[in-house]
Amino acid sequence: MAVALTIVGDPREPATRRTLSVPPGTSILKAAHAGGVDITATCGGRGRCTACRVKFLAGAVPPPTVMDEVQLGPDLVREGYRLSCQCLLEEPVSVQVAPPLEERAFQILPDRPDGLARLGRVALDSGVAKQLVKVTLPREEHHQTSDLEQLCQALGVRPEDVGAGVLQALPQALRDDPAGVTVTTFGGRVLAVERGDTSPMKFGLAVDVGTTSVVTTLLELGSGERLGAVSSLNPQCVYGGDLMSRIAFAQFDPGNLRKLHTRIVGLLNQHVAEVCRESGVLAKWIYKVVVVGNTCMHHLLLGIDPSHVGLAPYAPVMRHPLVLPARELPLRVAPEARVCLLPLVAGFVGADAVAVTLATRLWESEAIRIAVDIGTNGEVILGSRDRLWACSAPAGPALEGAQIRHGMRGALGAIDRVTVDDDVRVHTIGEAEALGICGSGLIDLLAGLLDAGVIDWTGLIQVEGRAALPPRLGARVELRGEERVVVVCRPGEAGARAEIVLTQDDVRQVQLAKGAIASGVAMLQHVAGVPAAGVAELLLAGGFGNYVSIASALRIGLIPPLPAGRIRYVGNAASLGAQLCLLSEAERARAAEIATRIEHVSLAAHPDFERLFVDAMNFPRTT
Ligand code: FES
């Protein structure tokens with residue numbers, strides 16, 4: 001007999017109250033998703049985060065599971081919160097979806113407005129050409145011809161080079177304006193025929209589809225001028241915050257695959273509408289779209305099942321560059337616009353790594369340089385014009401604040417800067433009241449606690465040694481039952497309404513994440529035989545990479561011990577690489593060549609990986 005589940009406060013419509021009829025034994029999370037209620041499941045429903053927590057309002061509150069205790073902590077458990085992914089329904093209940101930590105005004109790194117200019121001169125040849133053409137219309141009945149043939153004759157192209165989407169507008173366009181029609185071509189194909197002279201109107205989009213955030217940039221193709229950028233969270237996050245959870249959600253389930261595909265295409269169409277509204281550009285004048293993303297994001301955008309990418313030997317379904325008509329996604333730009341997906345390398349090393357290599361000019365560098373794109377699915381590229389190596393370093397969402405007791409993304413109210421001396425001092429984004437701590441804040445905090453001796457090189461919170469610490473600092477180090485914690489903010493400090501703590505488990509989560517990135521860098525240095533002294537420069541790319549303090553990143557060993565002067569932020573290099581390929585077909589061809597040159601290093605398959613990873617999880621010891 002079906003069970004009634006009442007859900008109060010759907011994240012998208014907090015005022016709503018929905019009652020669903022659910023087969024007994026179904027988890028509240030699954031029932032909510034099936035009922036169209038977007039409860040976020042960062043860890044993909046494995047009981048390893050707190051995103052899916054709900055508060056029981058009516059009906060029997062089930063006894064807490066171990067995961068409830070570990071993730072939520074004693075206070076929330078006592079208040080009737082449970083992880084909805086761990087709660088199986090047996091009788092009618094009413095639950096309130098925990099309002100997501102009101103993460104407002106996310107910090108998502110668009111590209112740097114001067115990004116392209118910093119790359120110096122790039123020959124602008126987007127491949128999109130527009131010309132005003134006079135087409136002789138069919139006149140005589142005995143003249144066996146058609147509008148299309150007349151157009152092809154005027155252009156010197158074949159009928160098969162004219163996209164299907166052009167034909168609908170053709171008869172009107174040919175007859176509306178005696179001045180002629182403007183014909184848009186790309187790679188020998190006719191993408192559009194418009195009445196009159198619209199030749200100056202040609203635009204394109206560069207899209208970086210990240211596991212957590214998506215950035216869309218609008219460019220004018222003739223001048224390369226950047227006309228606007230939109231960024232937002234990847235709506236697929238609801239179904240899993242990291243790649244493996246997202247693949248698990250889609251795995252061998254066409255319905256779930258369709259959900260993930262529809263979500264990302266839907267978001268891109270929202271971005272198109274928004275960037276056009278803001279810039280005043282008509283979507284029908286967007287003729288080229290370049291998309292980058294890691295292998296899984298690439299496959300989901302194309303509606304390709306990524307299941308096998310998540311299983312050894314982690315082979316993608318395809319790797320080569322792909323160009324398809326926008327109407328096939330469907331993307332609401334010019335129907336025949338070309339969507340160009342950059343090539344993949346192997347495993348999880350996707351087109352975003354190729355774009356980073358292109359934008360950072362590692363491929364033409366004389367000296368050995370390293371680029372680290374720190375994100376949920378981190379990528380590391382090491383090399384020069386002689387050889388290039390790359391690996392995927394899945395840091396997971398901990399550096400985005402997920403799986404951290406009071407973690408949050410870089411949004412208003414997030415603690416993003418911390419100093420530790422005789423006490424802990426915090427800064428919040430927007431100087432707003434402290435709501436939680438984000439990745440860059442976590443890195444600062446750990447670096448400060450290491451220097452102060454609150455945490456040792458293995459990551460253990462030194463409760464036993466707190467008496468030796470400065471009084472105010474020592475008072476923040478506590479043992480609560482079995483749990484070691486550091487109180488970062490007490491209620492009232494930095495405007496915090498509730499206390500914000502760092503737990504021992506949080507430290508371990510960050511160690512896992514930084515261990516993944518650091519061991520990725522160490523492995524490439526190992527494989528290439530390049531010691532730190534042989535690295536001319538390390539480039540920090542990506543959202544997180546550009547907000548983290550270089551000094552703190554060095555202190556916790558997230559990046560190798562290079563002199564700070566040889567470490568540089570490069571903004572959203574993946575988006576920059578996509579923009580290069582949008583504006584220059586030569587750069588897009590170069591991206592294809594780079595993808596074949598990059599040697600993929602599979603961390604898990606390398607015999608030395610485990611040792612490197614364990615070493616990288618520890619913090620550097622200071623003498
Ligand atoms: S604990 Fe439920 S989704 Fe993570």
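This is a predicted model: local features need pLDDT of at least 70, side-chain atom pairs count only at pLDDT 80 or more; totals for chains, interfaces and linings use all residues.

Mentor: Strand β18, residues 414-420, pairs with β19 in the antiparallel sense, and five bridges connect the two. One of the residues involved is Val 420, whose bridge partner in β19 is Val 424. Together with β20, the two strands make up an open sheet of three, in the order β19-β18-β20, with mixed pairing. The edges are held by β19 (424-428) and β20 (436-437); each has a single partner strand, so one side of each has no neighbour in the sheet.

The loop between β19 and β20 contains Glu 431. Its phi is positive, about 50°, although Glu 431 is not a glycine. In general, most residues other than glycine have a negative phi, and most peptide bonds are trans. Glu 431 is exposed, with a relative accessible area of 62%.

Helix α11, residues 439-452, lies across β18, β19 and β20, and runs at about 15° to β18. Gly 441 belongs to this helix and is buried, its relative accessible area being 0%. Leaving aside residues up to four places away in sequence, Gly 441 touches Ile 415, Asp 416, Arg 417 and Val 418. Gly 441 can also be set against Gly 410: the two are 31 residues apart in sequence, and their C-alpha atoms are 9.0 Å apart in space.

Domain 4 spans 398-510, while domain 3 is made of two segments, 351-396 and 514-617. The assignment also gives domain 1 (3-97) and domain 2 (128-195); the centres of domain 1 and domain 2, taken over C-alpha atoms, are separated by 58 Å.

A second residue with a positive phi is Ala 494, where the value is near 50° and the residue is again other than glycine. Ala 494 is located in the loop between β22 (483-489) and β23 (500-503). With 38% relative accessibility, Ala 494 counts as partly exposed. Elsewhere, the charged end of Arg 621 sits over the ring of Trp 457, at 3.5 Å from the ring centre.

Nine of its nine residues are buried, so α10 is largely enclosed by the rest of the structure. Among these buried residues are Asp 352, Val 354, Val 356, Thr 357 and Leu 358. The helix is followed by Arg 361, which has a positive phi near 60°.

Aromatic pairs come next, of which the structure holds three. Tyr 239 and Phe 249 form a stacked pair, with 4.3 Å from centre to centre and 15° between the planes. Tyr 239 lies in the loop between β11 (226-233) and α7 (243-250), and Phe 249 in helix α7, so the pair ties together parts that are ten residues apart in sequence. Tyr 239 is buried, with 4% relative accessible area, and Phe 249 likewise counts as buried, at 18%.

Tyr 314 and Phe 348 form a tilted pair, in which the centres are 6.3 Å apart and the planes make an angle of 45°. This pair links distant parts of the chain, 34 residues apart: Tyr 314 is in the loop between α9 (295-301) and β13 (322-325), and Phe 348 is in the loop between β14 (338-341) and α10 (351-359). Tyr 314 is partly exposed, with a relative accessible area of 31%, whereas Phe 348 is buried, with 13%.

The loop between α9 and β13 also contains Pro 313, which is joined to Ala 312 by a cis peptide bond with omega of about 10°. Another cis peptide bond runs from Leu 329 to Pro 330, with omega near -5°; Pro 330 is found in the loop between β13 and β14.

Finally, Thr 185 is part of strand β7, residues 181-186. At 17% relative accessibility, Thr 185 counts as buried. Not counting residues up to four places away in sequence, Thr 185 touches Gly 127, Val 128, Ala 129, Val 190 and Leu 191.

Conventions: Residues are numbered from 1 along each chain as its sequence is written. Side-chain values use heavy atoms; hydrogens and water are left out. Domain bounds come from an automatic or database domain assignment. Rings of Phe, Tyr and Trp (its six-membered ring) pair if their centres lie within 6.5 Å; planes under 30 degrees apart count as stacked, over 60 as edge-to-face and the rest as tilted. Helices (H or I, at least four residues) and strands (E, at least two) are DSSP runs, numbered from the N terminus. Buried means under 20% relative accessible area, exposed over 50%, partly exposed in between (1.4 Å probe, protein chains only). A charge sits over a ring if NZ of Lys or CZ of Arg is within 6 Å of the ring centre and within 35 degrees of the ring normal. Two strands pair if DSSP finds at least two bridges between them. Contact means heavy atoms within 4.5 Å. Axes are lines fitted to C-alpha atoms, for helices over the stretch in contact, and angles run from 0 to 180 degrees between N-to-C directions.
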